[in-house]
Amino acid sequence: MLTGSDLLTKVKELGDVSKSDLVRACGYVSTKKNGGERLNFTAFYEALLEAKGVNLGDSGVAGIGKGGRKLSYIATVQGNGNLLIGKAYTALLDLKAGDEFEIKLGRKQIRLLPTEEPERLQR
């Protein structure tokens with residue numbers, strides 16, 4: 001299977017051929033259990049994007065990768081009365097350990113408002 005600049009060169013070289021022929025020529029082919037040929041279009045397109053500088057693997061939203069669980073945006077009060085906000089949510093907001101918030105209680109909501117740090121006030 002071709003990758004990187006070799007893949008880009010081969011795609012340009014082949015020019016206007018069918019998608020199946022393009023995938024086959026770049027080596028993205030595997031064998032099925034029954035001996036038939038299987039074209040791996042997804043792997044080919046991912047490699048093509050990677051070769052063009054688009055990185056899909058590391059840019060998952062808040063650490064949610066391929067096949068990961070999705071955020072529900074629902075929090076549950078634990079048995080000890082604590083309300084836990086998970087790392088995926090804090091990562092979405094780029095929060096760091098030690099960040100402080102003022103808690104505002106509404107009728108059916110809780111708002112967390114960032115407090116201003118003394119360093120920020122001096123700038």
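Start by selecting Phe41 and Tyr45: both sit in helix H3, four residues apart, or about one turn of the helix. One thing to keep in mind while clicking around is that this is a predicted model. Phe41 has 30% relative accessibility, so it counts as partly exposed. Tyr45, at 35%, is partly exposed as well.

Together with Phe41 and Tyr45 they form one aromatic cluster, and the structure holds four aromatic pairs. The ring centres of Tyr28 and Phe44 lie 5.7 Å apart with the planes at 70 degrees, so this pair is edge-to-face. It links distant parts of the chain: Tyr28 is in the loop between H2 and strand S1 (29–31), while Phe44 is in helix H3, 16 residues apart. Buried or exposed, these two, Tyr28 and Phe44? Both are buried.

**Into the core**

Keep Tyr28 and Phe44 on screen and select Leu7, Leu22, Val23, Cys26, Leu39, Ala47 and Leu48 too: you now have the largest nonpolar core, nine residues in all. Helix H2 (19–25) and helix H3 (41–51) each supply at least two residues of this core. Which of the elements gives the largest share? That is H3, with three residues.

Next, centre on Leu39. Leaving aside residues up to four places away in sequence, Leu39 touches Ser20, Val23, Arg24, Tyr28 and Val29. Two of those names, Val23 and Tyr28, are core members too.

**Charged pairs**

Side chains of opposite charge can pair when their charged atoms come close. The count here comes to five salt bridges, and three of them are worth a click.

- Select Glu37 and Arg24. Their closest N and O atoms are 3.0 Å apart. This pair links distant parts of the chain, with Glu37 in strand S2 (residues 37–39) and Arg24 in helix H2, 13 residues apart. Glu37 is partly exposed at 43% relative accessible area, and Arg24 is partly exposed at 35%.
- Move to Glu13 and Lys10, where the closest N and O atoms are 3.9 Å apart. They are three residues apart in helix H1 (residues 4–14), so about one helical turn separates them. Glu13 counts as exposed at 57% relative accessibility, whereas Lys10 is partly exposed at 24%.
- Finish with Asp94 and Lys96, whose side chains meet at 2.7 Å, N to O. Asp94 is exposed at 54% relative accessibility, and Lys96 is exposed at 52%.

**Zooming out**

Switch to cartoon. The protein has five helices and four strands, running α-α-β-β-α-α-β-β-α from the N terminus on. Colour by burial and buried residues make up 9% of the 123 residues.

Notes
Residues numbered from 1 in each chain as written. Predicted model: local features only at pLDDT ≥ 70, side-chain atom pairs only at ≥ 80, totals over all residues. Heavy atoms only, no water. Buried < 20%, exposed > 50% of the residue type's maximum accessible area, 1.4 Å probe, protein only. Core = buried A, V, L, I, M, F, W, Y, C linked by side-chain atoms within 4.5 Å. Contact = heavy atoms within 4.5 Å. Phe/Tyr/Trp six-rings, centres within 6.5 Å; stacked < 30°, edge-to-face > 60°. Salt bridge = Lys/Arg side-chain N within 4 Å of Asp/Glu carboxyl O.
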